[in-house]
Amino acid sequence: MNGSVCSGCHQCRQGPVTAEDDKIKRAIRIHHLGATLMKLTQLRDLVAIVEHGSLRAAARHLGVDQPVLTRSVRALEKELGTPMFERTASGMTLTQAGQRFHLRASLIVNESRRAQDELAQILDEGGGSLTVALSIMPHAGLLPAALPRFRQRYPRVRLHLIEGLFPDIESRLRDGSIDFYMGAAPRIAPSSGLRVETLFRNTRAVVGRKGHPHAGAGSLHELVGAEWASTAIDHNASEDLAHLFARYQLDPPRVMLQAGSALSLLVALTQTDLLAMLPRQWADFPLTADTLQIIPVREELPAPDMVLIHRAGLPLTPAAEHMVDLLMRFAPQQAGPQQGLIAPSGDTALSR
């Protein structure tokens with residue numbers, strides 16, 4: 001019988017391998033698979049390079065010398081049998097294979113970190129990190145009361161707060177780099193793999209600076225000539241504003257400024273006569289309570305439901321659970337008597 005001999009390791013050079021000997025062939029495949037399993041540090045290094053944009057920045061973040069990082073990536077590429085990066089004068093970019101591999105590597109690295117954080121928090125050591133994405137309503141209406149209480153319970157947890165909407169952070173939720181999102185419900189429900197919990201219904205209000213020329217307006221009809229600021233922080237406000245005016249057969253609003261952050265919008269509203277349609281809680285935000293006011297128009301200004309989104313099938317860490325509990329503790333008073341909390345069954349729960 002013709003046989004073939006693996007020229008690899010010592011274990012595989014012990015004798016011929018015949019085509020008929022399935023058990024030996026399977027053992028050899030398993031043996032070589034074990035020999036090429038990559039190290040977690042190699043995955044961590046690859047993810048760090050992608051996240052920080054360069055070898056130098058990644059090495060600085062990880063606290064290692066750049067040559068060490070270079071050797072780690074080259075060893076990983078050798079084991080995988082394909083380059084992960086294209087190296088150019090302008091830096092390193094992922095190859096097509098690298099892009100696919102990075103998605104898997106990110107999940108592994110982030111779950112490894114989260115497992116360590118969870119264990120430390122269960123043992124009451126309280127370390128690790130927590131990354132939370134919030135839209136403008138939780139930032140203004142829930143976080144001011146929740147944050148000091150969270151810091152008191154978990155003073156050693158590094159907290160990363162991201163301002164944004166679900167579509168912008170969905171990929172980071174899926175790869176595990178963000179623990180959860182709380183904010184305006186997305187217009188299109190996410191695909192499988194993420195769990196969406198509706199928390200409460202909300203409304204918007206017309207907001208302007210204290211002493212605004214239209215401060216006494218009681219209807220949108222009286223605001224037809226006003227100029228507006230819009231933002232994508234909480235849904236597509238420009239589109240919603242136009243639809244709202246069209247519903248009441250009013251001329252389209254004159255949107256003169258579009259802000260990409262809450263800070264930009266805050267400056268615009270406090271320093272000009274621009275108006276904005278915002279979650280009603282923002283007028284009670286401690287940092288703006290003395291500078292902004294609600295203009296009490298009689299029309300109903302609906303807002304997206306507030307939701308909590310996180311990965312399905314995986315528990316939140318103790319620190320993440322505590323943050324959610326704290327944010328929800330103040331949700332009943334923010335939801336108001338008309339909106340109320342929404343129970344898991346879909347029924348509206350009474351405010352506590």
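Contact here means heavy atoms within 4.5 Å. With that cut-off, L327 touches L134, L142, L143, A146, F180 and M182, leaving out residues up to four places away in sequence. The model is predicted: local features need pLDDT of at least 70, side-chain atom pairs count only at pLDDT 80 or more, and totals for chains, interfaces and linings use all residues. Residues are numbered from 1 along each chain as its sequence is written, and side-chain values use heavy atoms, with hydrogens and water left out.

Now the overall picture. The protein chain has 12 helices and 14 strands. These are DSSP runs, numbered from the N terminus: helices are H or I with at least four residues, strands are E with at least two. Of the 352 residues in the protein chain, 45% are buried. Buried means under 20% relative accessible area, exposed means over 50%, and partly exposed lies in between (1.4 Å probe, protein chains only). Among contacts in the protein chain with a separation of 6 or more, 71% join residues 24 or more positions apart.

L327 belongs to the largest nonpolar core, which has 39 residues. Such a core is a set of buried Ala, Val, Leu, Ile, Met, Phe, Trp, Tyr and Cys residues joined through side-chain atoms within 4.5 Å. The members that touch the most others are F150, I169, L173, F180, Y181, M182 and L327. Two or more residues each come from strand 3 (129-134), helix 7 (143-153), helix 8, strand 5, strand 6 (194-200), strand 12 (306-311) and helix 11 (318-329). Helix 11 gives the largest share, 7 residues. Another core lies apart from this one; it has 18 residues, among them V47, L55, V73 and M92. In soluble globular proteins, nonpolar side chains tend to be buried together.

Strand 12 deserves a look. It is mostly covered, with 6 of its 6 residues buried. Two strands pair if DSSP finds at least two bridges between them. Strand 5 and strand 12 run antiparallel and are joined by 4 bridges. Here Y181 has I309 of strand 12 as its bridge partner. Strand 6 also runs antiparallel to strand 12, with 6 bridges between them. T198 stands opposite V307 in strand 12.

Y181 leads on to the aromatic residues. The structure holds 3 aromatic pairs. Rings of Phe, Tyr and Trp (its six-membered ring) pair if their centres lie within 6.5 Å; planes under 30 degrees apart count as stacked, over 60 as edge-to-face and the rest as tilted. The ring centres of F166 and Y181 are 6.0 Å apart and the planes stand at 55 degrees, so this pair is tilted. It links distant parts of the chain: F166 lies in helix 8 (residues 166-174) and Y181 in strand 5 (residues 180-184), 15 residues apart. F166 and Y181 are both buried. W228 and F245 form an edge-to-face pair, 5.7 Å centre to centre with 90 degrees between the planes. This pair also links distant parts of the chain, from W228 in strand 8 (residues 227-231) to F245 in helix 9 (residues 237-247), 17 residues apart. W228 and F245 are buried too.

Strand 7 (residues 204-209) pairs with strand 11 over 4 bridges. V206 stands opposite I295 in strand 11.

A217 lies in the loop between strand 7 and strand 8. Its relative accessibility is 4%, so A217 counts as buried. The C-alpha atoms of A217 and P296 are separated by 7.0 Å, though 79 residues apart along the chain.
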